[in-house]
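Work through the exercises below with the model in view. Each task is followed by a stepwise solution.

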2 protein chains.
Amino acid sequence: MSLPLFLVEALPATDEFRLDGPEGHHAATVQRLRVGEELLLGDGRGATATATVTAVGRGTLDVTITGRTYVPPPGQRLVVVQGIAKGDRAELAVQAMTEVGVDGIVPWAAARSVARWKDDRPLHRWRATVREAAKQARRPWVPEVSAAVTTADLARRPGPLLVLHEEASTPLSRVDLSAGGDITLVVGPEGGVTPDELAVLETGGAVAVRLGPEVLRTSTAGVAALAALSVRLGRW
Amino acid sequence: MSLPLFLVEALPATDEFRLDGPEGHHAATVQRLRVGEELLLGDGRGATATATVTAVGRGTLDVTITGRTYVPPPGQRLVVVQGIAKGDRAELAVQAMTEVGVDGIVPWAAARSVARWKDDRPLHRWRATVREAAKQARRPWVPEVSAAVTTADLARRPGPLLVLHEEASTPLSRVDLSAGGDITLVVGPEGGVTPDELAVLETGGAVAVRLGPEVLRTSTAGVAALAALSVRLGRW
């Protein structure tokens with residue numbers, strides 16, 4: 001079993017550290033770590049340390065750091081633009097995409113998005129979901145979740161844009177990725193990308209691609225596409 | 001948008017057909033299809049027909065079949081042995097794996113399976129979930145869900161067996177698949193495959209493989225592995 005990962009603002013310069021706040025509470029009271037047990041500390045920006053528990057307090061753990069590693073940011077980022085979906089479907093998608101290695105997530109207020117974000121609370125929920133999923137997956141980098149964008153914003157986005165579309169003829173497994181650079185995948189909400197949206201995005205240089213013969217739900221499409229790309233790009 | 005798919009026992013020899021029962025109710029009352037609209041009928045065993053609504057009754061639709069297709073069964077089947085997990089995680093996994101093209105699912109009572117199946121009800125739930133997901137994904141073949149197996153059953157299973165394991169050193173993207181034949185992927189429950197289970201399976205010829213550097217939940221692992229294999233095998 002992998003050691004549990006706890007996120008901190010910054011790793012300390014010295015090796016003695018007290019884990020407190022919500023992460024300390026979780027470690028001491030929920031996961032009930034004990035003296036002598038090991039854990040991981042991470043800053044979510046590439047720095048990770050292994051540590052051993054030396055004392056347990058009320059909602060705090062004292063630990064000694066025994067090793068440090070740093071993983072540089074990916075040279076090529078995989079970003080998913082996720083159409084805002086209703087219910088828990090979008091959060092399931094965000095959680096699973098974080099597990100399979102997405103580097104950035106952009107919420108998209110699409111034409112067929114039934115849910116509308118009226119304040120920042122849904123964005124904060126996505127960010128909290130991503131943070132928990134990154135811990136569960138032991139990822140040294142926590143993916144960034146940007147503010148929600150419109151279709152016009154998307155069309156102005158630089159770099160290759162791949163739009164998952166069930167009527168596209170180019171398979172994602174064979175689209176030309178030789179240009180390198182960050183890759184942005186667009187996943188529609190439940191109901192999909194409209195013809196108008198696709199036209200706007202294609203005018204901006206986007207390419208419509210498809211994943212196999214099946215019709216995928218929005219909560220499955222991004223995960224499957226990230227897995228397919230991870231094989232193609234040699235990440236996995 | 002793809003036409004909605006309704007499953008029937010068998011496609012009729014003649015082109016006039018009445019869709020009734022639960023599928024007729026769903027089409028007439030829930031989806032509210034109207035005269036002149038199109039739909040798909042399928043038997044879940046490769047035969048599919050397009051049809052046009054000619055009359056709407058109380059929970060029934062009369063349709064005229066306008067075209068028929070038959071998709072042969074896959075030459076190489078992808079089967080996932082899914083560790084039984086608690087709560088809705090296993091059903092989410094079964095749903096998403098059906099969307100991405102799994103051909104068969106085998107529930108596995110693993111050492112770390114918290115939930116125990118005491119009767120056939122969970123198996124019937126998995127089968128119903130697979131059937132609904134196959135309709136949603138417009139799959140001509142509904143994947144088979146076999147009865148639950150034990151670890152000893154698995155070790156006796158013929159053909160290549162790949163066990164997803166976070167400590168494996170062989171990436172799934174590079175494991176040798178040149179032998180052909182059906183591929184069985186084993187996905188542990190929440191908590192993973194135990195060292196004892198892995199030893200038993202490896203004695204039977206299984207190979208432990210991993211998917212990227214991340215630690216995946218059981219509800220994500222099978223979907224991601226199927227997507228990766230679909231690219232490798234040229235399905236997508």
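**Exercise 1.** How do the residues of the lining of the second largest pocket divide into nonpolar, polar and charged?

*Solution.* This is a predicted model, in which local features need pLDDT of at least 70 and side-chain atom pairs count only at pLDDT 80 or more, while totals for chains, interfaces and linings use all residues. Residues are numbered from 1 along each chain as its sequence is written, and chains are lettered from A in the order in which they are written.

Step 1. A pocket is an open set of points on a 1 Å grid over the protein atoms alone, where a 1.4 Å probe fits, with protein on both sides within 12 Å along at least five of seven lines; lining residues have an atom within 4 Å of a point.

Step 2. The volume, the space filled by probe spheres set on the points, is about 720 Å³ for the second largest pocket. Of its 29 lining residues, A:E166, A:G191, A:G192, A:V215 and A:L216 are the closest to the centre.

Step 3. The lining comprises 13 nonpolar, 7 polar and 9 charged residues; Ala, Val, Leu, Ile, Met, Phe, Trp, Tyr, Cys and Pro count as nonpolar, Asp, Glu, Lys and Arg as charged, and the others, Gly among them, as polar.

**Exercise 2.** State by what turn and shift chain B can be laid on chain A.

*Solution.* Step 1. Superpose the copies by least squares on the C-alpha atoms of residues with pLDDT of at least 70 in both.

Step 1. In chain B, B:A228 comes closest to the rotation axis, at 2.6 Å (C-alpha).

Methods:
Side-chain values use heavy atoms; hydrogens and water are left out.
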